[in-house]
Amino acid sequence: MRPEEYANKNLREALKFDPSPESVHDTRVGLRKYYVVAGALSRLYYNPECMYYAKEAIKTLGLIRDSDVSGCIKVDREALVAKVSRILPKLAGCELPKLYGSRLIIFEKISEVYSSLDVEDFHEFRKRVRVLYYLTESVGEDAGQLKAISKRLGDIRDKYMVETCSRTGFKIPLDRNVVEEVKSIVME
């Protein structure tokens, strides 16, 4: 599969949104996969409107999901679902065309993200692992180990969020062994 096909497949899946907690999560993941790959390929093809709407939907879905997961963070879920439902149709025409050189660009981006893994902030590290996972998967390589680590990091974040009943304001320690684990996986 080509990276742009991967992005388009995930975008199409995300557009099947319904307000259930599972769909909120799946839609957010699908849009993130699209957004990461489309962003990496922006040297070859860039549609700022599509990137804007994808980012807005991802942020809004994040508010809904955090409320669903925590059980104590209060949001106007109905209003947020309505907002996402207004944004998603604007993404219907945002599929990427066939882009020559897309795999090379993705491998360059993987190398760039790999070089930036040495961070102290848990949240920033978690985002970079997720990006590595999506980019690796987009070129048809086995991303299973990165996916597992990304899930572990997400579970840690969710646990802290539930314990503090807050989306922000908590500092999660970053285990340096996990950083080295991710580096060794990418080097394979």
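User: What makes two residues count as being in contact here?

Analyst: Contact means heavy atoms within 4.5 Å. The model is a predicted one. In it, F125, V129 and L132 of α6 meet V178, V179, V182 and V186 of α8.

User: What kinds of residue make up the contact of α6 with α8?

Analyst: That contact divides into 7 nonpolar, no polar and no charged residues. Val, Leu and Phe count as nonpolar.

User: Why are α6 and α8 called roughly parallel?

Analyst: Their axes cross at roughly 20°. Angles under 35 degrees count as roughly parallel. α6 and α8 are therefore roughly parallel to each other. The two axes come within 12 Å, and α6 passes α8 in a left-handed crossing.

User: Why are α7 and α8 called roughly antiparallel?

Analyst: The axes of α7, residues 144–164, and α8, residues 176–187, cross at roughly 160°. Angles over 145 degrees count as roughly antiparallel. α7 and α8 are therefore roughly antiparallel. Their axes come within 10 Å. The crossing of α7 and α8 is left-handed.

User: Which residues make the contact of α7 with α8?

Analyst: α7 brings Q145, L146, I149, R152 and L153. α8 brings V178, E181, V182, I185 and V186.

User: How do the residues of the contact of α7 with α8 divide into nonpolar, polar and charged?

Analyst: There are 7 nonpolar, 1 polar and 2 charged. Glu and Arg count as charged, and this contact includes E181 and R152.

User: What makes a space a cavity and not a pocket?

Analyst: In a cavity, a 1.4 Å probe fits but cannot get out, whereas a pocket is an open set of points. A search of the whole structure finds 1 cavity of 30 Å³ or more. The largest cavity has a volume of about 50 Å³.

User: Which residues line the largest cavity?

Analyst: The lining is Y34, A38, S42, Y45, Y46, N47, C50, M51 and L96. α2 (21–40) and α3 (48–70) each supply at least two of the lining residues. By kind, the lining has 7 nonpolar, 2 polar and no charged residues. Tyr and Cys count as nonpolar.

User: How much space lies in the largest pocket, and which residues are closest to its centre?

Analyst: About 1100 Å³ lies there. Of the 37 residues that line the largest pocket, R28, R32, R126, R130 and Y134 are the closest to its centre.

User: Which helices each supply at least two residues of the pocket lining, and of what kinds is the lining?

Analyst: α2, α3, α5 (102–115), α6 (122–138) and α7 each supply at least two. The lining of the largest pocket divides into 11 nonpolar, 7 polar and 19 charged residues.

Conventions
Residues numbered from 1 in each chain as written. Predicted model: local features only at pLDDT ≥ 70, side-chain atom pairs only at ≥ 80, totals over all residues. Heavy atoms only, no water. 1 Å grid on protein atoms, 1.4 Å probe; cavity = no way out; pocket = protein on both sides within 12 Å on 5 of 7 lines; lining within 4 Å. Points joined across faces, edges and corners; volume = space filled by probe spheres on them. Helix = DSSP H or I, 4+ residues; strand = E, 2+ residues; numbered from the N terminus. Axes fitted to C-alpha atoms, helices over the stretch in contact; angles between N-to-C directions. Parallel < 35°, antiparallel > 145°, perpendicular 65-115°, else oblique. Left-handed = near helix turned anticlockwise from the far one by under 90°.
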